[in-house]
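Let's take a walk through this structure together, starting with a pair of charged side chains. Keep the sequence and the 3D view side by side as you read.

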Amino acid sequence: MQNPFGNNNNDDQNPFNLNNLPLPPNYAKIVNDQGDIRISKVGISWTTLWFGPLPALFRGDYYNFILMIVLDMDYVLVAMFFGLNWMIEFPWPSLFFAFFYNMMFFRHSFRKGYRPADERSRQILMNSRYWKE
């Protein structure tokens, strides 16, 4: 398979080799002891900004999905209780989670037994302070 990202990890012998996927420069690959692989972006989660907690649900990250729903509901209830209707007009919780959701996803995955799959992913995660050694 031709690598569209130019990071020299072409594998022409086996195009379906999951251990040698061409990844964009800001994506990291993590793996657990059973061999399950997760690939996710490091940095700002634009999908969380636009779609709120739905990206967490689609990733199967139910812990963070429920956390986002509860905090979103608390935000709306507090704003309504104090009569701050102007706060409800802008999605402040989605803006907050856009900056922190990918870090929350990786750290929760690390607690569940995942670890960086290769040296490149480990370096990306360490540079972003998602992974500590």
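Asp33 and Arg115 form a salt bridge, with their closest N and O atoms 3.1 Å apart. The term salt bridge here stands for a side-chain nitrogen of Lys or Arg within 4 Å of a carboxyl oxygen of Asp or Glu. Side chains of opposite charge can pair when their charged atoms come close. Asp33 sits in the loop between E1 and strand E2 (37-41), while Arg115 belongs to strand E3 (residues 115-116), so this pair ties together parts that are 82 residues apart in sequence. Helices (H or I, at least four residues) and strands (E, at least two) are DSSP runs, numbered from the N terminus.

This is a predicted model, in which local features need pLDDT of at least 70 and side-chain atom pairs count only at pLDDT 80 or more, while totals for chains, interfaces and linings use all residues. Residues are numbered from 1 along each chain as its sequence is written, and side-chain values use heavy atoms, leaving out hydrogens and water.

How open are the two partners? Asp33 is exposed, at 67% relative accessibility, whereas Arg115 is partly exposed at 36%. Buried means under 20% relative accessible area, exposed over 50%, and partly exposed in between (1.4 Å probe, protein chains only).

How many salt bridges are there by this rule? The count comes to 2. Glu119 and Arg122 also meet in a salt bridge, at 2.5 Å from N to O. These residues are 3 apart in helix H6 (residues 119-127), which means about one helical turn separates them.
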